[in-house]
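Open the model in your viewer and colour it by chain. The tour below tells you what to select at each stop.

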Amino acid sequence: MANFFSTRATKGLLKVGDIYCPKNGDFPSFTEAAGTAYLNNLVANVPADDFSSLNLVLAIFSFLPNGILNWIISAATNSQSNPSDGIIPSTLRQLNIGLRGLCYSIYYSEFTNPNYNGKKPLEVIDFKLNRVVD
Amino acid sequence: MIYDFIVVGSGSGGGSLSYYLNKSGAKVLLIEAGKFYRKDTFPKTEAETSAHLYWGGGIEFGKDGKMGFLRTRMVGGSSIVYQCLMDRFDDIAFNDWRAESGVEWFNNQEMDKHYTQVENDMVLHTFQREEMRRNGILFADACDKLGYKWGFLRRGQSNCGAEKGNDCVGCLGGCFRDSKQSSLVAFIQKAEKEGLEIVAETEIHKVEPNSNTCKIHGLQNGKQVSFEGKKVILAGGAFGTTRMMTMSGFKSKLPALGKNFASHPQFMWLGFQNEPVDAHKGMFQSVASKDPSFRAQGFKLENVFASPISIGMLMNVTGAKHQEYMKKYRYMQCIEVAVRDENIGEIQCDNKGKLTIVKPLSDQDKTRRDKGLQAIENIMMTAGANEIYKSNFYFGLHLMGGCVMGTDASKSVVNPEFQVHGEKTLYIADSSIYPNAPGINPGLTIKSLGHRLATQLLK
């Protein structure tokens, strides 16, 4: 069964993405740069149960005010240095890596929004990779 | 049809084993859960690499969410995405294996012929000074100043094209030149030409050994499939093989199943230099620590780097602060410490096959980590870093144990002949049989153990 983000979840991801990757100098905002059409391709192999939880969490995020969302992202970020093995910090750590992984995978990639014409994040950081095939 | 041998899993162990078995003229079937990519079909981007080549769609976590595990799924297994560093074990590693397992042939004298054969069947390259890039030079020069011993890496590669401007960091998603000596290149593709039968995208979840043959059952495109071999060898890696064994009901017979898990936890720090380092250009990894005192203290340092998404993940800051760090991507020096960890982890599996990994860091692991990180800080400061990003995210690439080898069936899963205790037709040949963490790149030894088992099975 393929994984597909709901429209609501995609909206939630864009809100979260703008916290991780805001418009800042040459950097575009996540919403400007992200090629959301590629999202489903990037979660094709996420286990169905995990994806279903992610989809739900992102859909809920889409309804939250920015202040509360910022607080949740901050708590998730801080959980990385929390030594506790309890269920809340453990879940927050997984949320932290999962969300950042998804956002950065779109933001620092070739999968940008086709309607965005500005400098892409990979260009801002001056990343070029040569693939020489004989 | 009854095969002479069925090998389940095509990574370092399964790849070499199936090659040597097939070479003898035996009828061999190699089964792999992931897809069959070739040099021209590997994902072309870092994002797709993570999404498509790894179980879990990128990363899996331990139960406490602290440590990430990177586990691949494709023909060739982890050897496709790893750096293919080919190191023999030293006496320290084998002595500790022997002490833990009671297996007498764990020694360099016995293993030499297997190492030699595998080395002869691969193209190996030891880096030279002129191949070093700035990330390596910064590391080596600082080590010299600090009195730390370092050395050039030996890697499986034939023609990386660095002199033509090829950037090898791209091969972390699969080598598109067939230069990296992955199991796919060094063994599987050669065996394929000689008749090895390969079935990809088939996930085995149950093994049924009996006195004459062994049946295996799994899913292929959502449909149940079964195969039968005179002998079945599991080589699905620490997680995969432990999962197959647990789902097949062996936990009640073999209490050590899933135990003794270790993973060489790795911690990467970034040092920011005033001039570009361009650690992602050319041959991006050429040197590592070779300091006997580091070995004695239980860690080693490697001069590594990664593409932007992975580097971004190391830096646990958000927003503008994160972007400012990423803007200095070309100025990053990078070193990681790999800890020789205690094998106190456990791979648990429920009856639906869902894995739970329990992998705390012991006090000894933390002491080793801290000593290694102190050495990294010393190197980066000596190299002139204006800032160090001390990432607290850590991960395991070398997944070992879960089905360890030993003489005592109450403390191990396979006997010194690689046979599952009490079974005549079921064997295991991958990193899951490692009794404890060697503190050395495990790839060459996994391949060599595959050669040893092939030699034994063909007698």
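Select chain A. From the N terminus on, its elements run α-α-α-α-α-α-α. That makes 7 helices and 0 strands; helices (H or I, at least four residues) and strands (E, at least two) are DSSP runs, numbered from the N terminus. The radius of gyration of chain A is 16 Å, close to the 14 Å that the globule rule gives for 134 residues, so chain A is as compact as a globular protein of that length. The radius is taken over C-alpha atoms, and the rule is 2.2 Å times the number of residues to the power 0.38.

This is a predicted model: local features need pLDDT of at least 70, side-chain atom pairs count only at pLDDT 80 or more, and totals for chains, interfaces and linings use all residues. Residues are numbered from 1 along each chain as its sequence is written, while chains are lettered from A and ligands numbered from 1 in the order in which they are written.

Stay on chain A. Its C-alpha atoms fill a box of roughly 50 × 40 × 30 Å, taken along the principal axes. Buried residues make up 40% of the 134 residues. Buried means that 20 or more other C-beta atoms, placed from the backbone, lie within 10 Å of the residue's own.

Now show both chains. 42 residues of chain A are in contact (C-beta atoms, placed from the backbone, within 7 Å) with 42 residues of chain B. On the chain A side, select α1 (7-20), α3 (39-42), α5 (66-78), α6 (87-107) and α7 (121-124), which each give two or more residues. α6(A) gives the most, with 9 residues.

Move to chain B and select β1 (residues 2-8). β1(B) pairs with β11(B) in the parallel sense over 6 bridges; pairing requires at least two DSSP bridges. Find Val8(B) opposite Leu234(B) in β11(B). β1(B) also pairs with β2 (residues 28-31) of chain B, again parallel, over 4 bridges. Here Phe5(B) stands opposite Val28(B).

Last stop: α7 of chain B, residues 237-247. Is this helix mostly covered or mostly uncovered? Mostly covered: 10 of its 11 residues are buried. Among them are Phe239(B), Arg243(B) and Met244(B). The buried residues of α7(B) pack against β9 (202-209), β11 (223-234), β16 (346-349), β17 (355-358) and β20 (426-428) of chain B. Just after α7(B), click Gly249(B): this residue takes a positive phi of about 90°.

How values were computed. A residue is buried if 20 or more other C-beta atoms lie within 10 Å of its own, exposed if 12 or fewer, and partly exposed in between; C-beta atoms are placed from the backbone. Two residues are in contact if their C-beta atoms, placed from the backbone, lie within 7 Å.
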